[in-house]
Amino acid sequence: MEREALYDEDSTVDYESKDGRDASEYQLRWINVMNKGNYNCSENYNRVEVLLLRWDDTCDDMTTRHEVGQLKNVFEKEFNWHTELHCLNNKIEGRLQLQINAIVAAWVNKYSKPNTLLVVYYAGHGRPGTAFGQLELMGVRRQSSPNDNKRKRLNSIVWNKTEELLKPAEADVLEIFDW
């Protein structure tokens with residue numbers, strides 16, 4: 001089977017290395033899927049639901065509003081997926097952990113059905129937590145001192161606690177962290 005040339009002759013892909021061959025093969029597969037134009041149709045899923053999470057402008061030093069808005073449009077207009085956008089806010093009464101848990105629990109309860117893909121997209125800062133395998137999410141990079149537990153609780157989320165709410169879903173779940 002002869003393949004159409006995708007790159008000019010100055011290509012620097014090293015086909016002698018396994019990684020180079022694999023990367024080239026994956027790229028060809030991706031191009032073939034995109035060229036067919038059916039990337040927004042799935043034989044496996046009847047519906048795709050996307051939960052977009054970002055920080056409110058008052059507590060987001062990465063200013064993700066525009067980026068997440070563009071991604072929302074791509075999911076809706078290009079892929080025809082349903083999206084739900086929520087802004088996390090550490091200025092509102094109550095703990096952030098409870099806020100995000102309520103958002104995710106309601107979303108999973110509403111959309112978790114067989115033959116559905118649930119996509120959770122997060123935009124903001126993240127770092128390893130204090131426990132092994134723990135992931136902390138926050139809207140601003142600079143955090144309080146490690147000894148200031150109350151302030152830390154008010155300004156960060158332990159994603160692993162929220163992730164537990166996704167585990168009983170009847171749908172498949174994909175988590176994307178953009179940090």
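Reader: Which residue in E3 does Leu53 stand opposite?
Author: Leu53 faces Tyr122 of E3. This is a predicted model, where local features need pLDDT of at least 70, side-chain atom pairs count only at pLDDT 80 or more, and totals for chains, interfaces and linings use all residues. Residues are numbered from 1 along each chain as its sequence is written, and side-chain values use heavy atoms, with hydrogens and water left out.

Reader: What makes strand E1 and strand E3 a pair?
Author: Two strands pair if DSSP finds at least two bridges between them. E1 (residues 47–55) and E3 (residues 116–123) have seven bridges, in the parallel sense, so they meet that definition. Strands themselves are DSSP runs (E, at least two residues), helices likewise (H or I, at least four), numbered from the N terminus.

Reader: Why do E2 and E7 stand at the edges?
Author: The open sheet has the order E2-E1-E3-E7, with parallel pairing. E2 (82–88) and E7 (172–178) each have a single partner strand, so one side of each lacks a neighbour in the sheet.

Reader: How do you know what span is expected for helix H3?
Author: The expected span is 1.5 Å times one less than the number of residues. H3 (residues 96–111) has 16 residues, for which 22 Å is expected; its first and last C-alpha are 23 Å apart, close to that value.

Reader: Which residues of H3 are called buried?
Author: Buried means under 20% relative accessible area, exposed over 50%, and partly exposed in between (1.4 Å probe, protein chains only). Among the buried residues of H3 are Leu96, Ile100, Trp107 and Tyr111. In the chain, 35% of the 179 residues are buried.
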